Amino acid sequence: MTLSVTEIENGREAVQTTVPGPILLLGAPGVGKGTQAKELVKLWAIPQISTGDLLRFHKANGTPLGAVAKGLMDRGELVPDDLVNDMVADRLGKPDTARGYILDGFPRTLNQAGWLDTRLAGKAQEQSLPVVAVSLKVDYNQLLRRITGRRNCPVCGTIYNIYAKAPKVEGICDVEGAALVQRADDTEAVFAERMKAYSALTEPVVEHYRSQGRFVEVDGDRPIEAVSAGIIAAVKRLRAT
Ligand code: AMP
């Protein structure tokens, strides 16, 4: 996926004129948060902080946090707030977050949102900018198709979908030639659990940020570049106010 020339030009302008600050990408599993985060990273040169990716890293490396997270993640349940908050605190302490960052998959509970709000209230400079929250919307059946069709390259991270964005050769990454893998939690049964957790615990977070302003809902059921353009325009507008 690539941005159009106009969007790249707009992006360069945005880099010069917009300090992005903290951006939250909210939305149900499979809505495209990871894909969109990668587009914003290219545009603003700020890091994507995906709590799902960080937890998968811990899982793969067998750390104590990974050991706790494994069973919960495989069942589609959330990892306890304190563990996730500490992991995010550690990541936000790195210097590459100074101009801003994209939080992908965090906060997912009101407790996490409260923790983040308190933390940001105590920060200086760009990090004291209020968050801009972007909620991506896609309907349930479409999400199910995206989740069960999703395949990832374990080498370069490219995301495919066997229904909508298939690799040229079945099961093989176009870029790396590596065998594609499916996430353990991208099955229909686990998806249903993840959606239950989303409705019960994360939808209130969306309402929390909606009520604070600096919030935009974006239709995620469109081509990647159209969704990106919508997010970029919204962030620029919200940062200008
Ligand atoms: P994701 O890659 O964002 O879909 O996350 C995969 C799984 O990691 C989730 O189903 C949860 O088990 C766990 N996880 C990711 N982010 C969080 C979070 N902010 N709080 C609790 N658990 C999380």
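Predicted model: local features only at pLDDT ≥ 70, side-chain atom pairs only at ≥ 80, totals over all residues.
Residues are numbered from 1 along each chain as its sequence is written, and side-chain values rest on heavy atoms, with hydrogens and water left out. Local features need pLDDT of at least 70 and side-chain atom pairs count only at pLDDT 80 or more, whereas totals for chains, interfaces and linings use all residues.

The ligand is surrounded by 16 residues, a residue being near a molecule if one of its heavy atoms lies within 4 Å of it. The closest are T51, R56, E77, G105 and Q112. Helix α3 (residues 51-61) supplies the largest share of this shell, four residues; helices (H or I, at least four residues) and strands (E, at least two) are DSSP runs numbered from the N terminus. By residue class, the shell comprises six nonpolar, four polar and six charged residues. Here Ala, Val, Leu, Ile, Met, Phe, Trp, Tyr, Cys and Pro count as nonpolar, Asp, Glu, Lys and Arg as charged, and the others, Gly among them, as polar.

A polar side-chain atom of R108 lies 3.0 Å from a ligand nitrogen atom, and for a polar side-chain atom of Q112 the distance to a ligand nitrogen is 2.9 Å. V79 contributes a backbone N or O atom, 3.1 Å from a nitrogen atom of the ligand. Of the 480 Å² of accessible area that the ligand has on its own, the protein covers 96% (Shrake-Rupley method, 1.4 Å probe).

Two helix pairs were examined, with axes fitted to C-alpha atoms over the stretch in contact and angles running from 0 to 180 degrees between N-to-C directions. The axes of α2 (residues 33-44) and α9 (residues 224-240) come within 10 Å and cross at roughly 60 degrees. The two helices are therefore oblique to each other, since angles under 35 degrees count as roughly parallel, over 145 as roughly antiparallel, 65 to 115 as roughly perpendicular and the rest as oblique. Helices α5 (residues 81-92) and α6 (residues 110-121) pack at about 30 degrees, with axes 10 Å apart, which makes α5 roughly parallel to α6.

Most residues other than glycine have a negative phi, and most peptide bonds are trans. A45, in the loop between α2 and β2 (48-50), has a positive phi of about 55 degrees although it is not a glycine. The peptide bond from F106 to P107 is cis, with omega near 0 degrees; P107 is found in the loop between β3 (100-104) and α6.

How values were computed. Polar contact = N/O pair within 3.5 Å; in protein donor to acceptor, adjacent residues only side chain to side chain.
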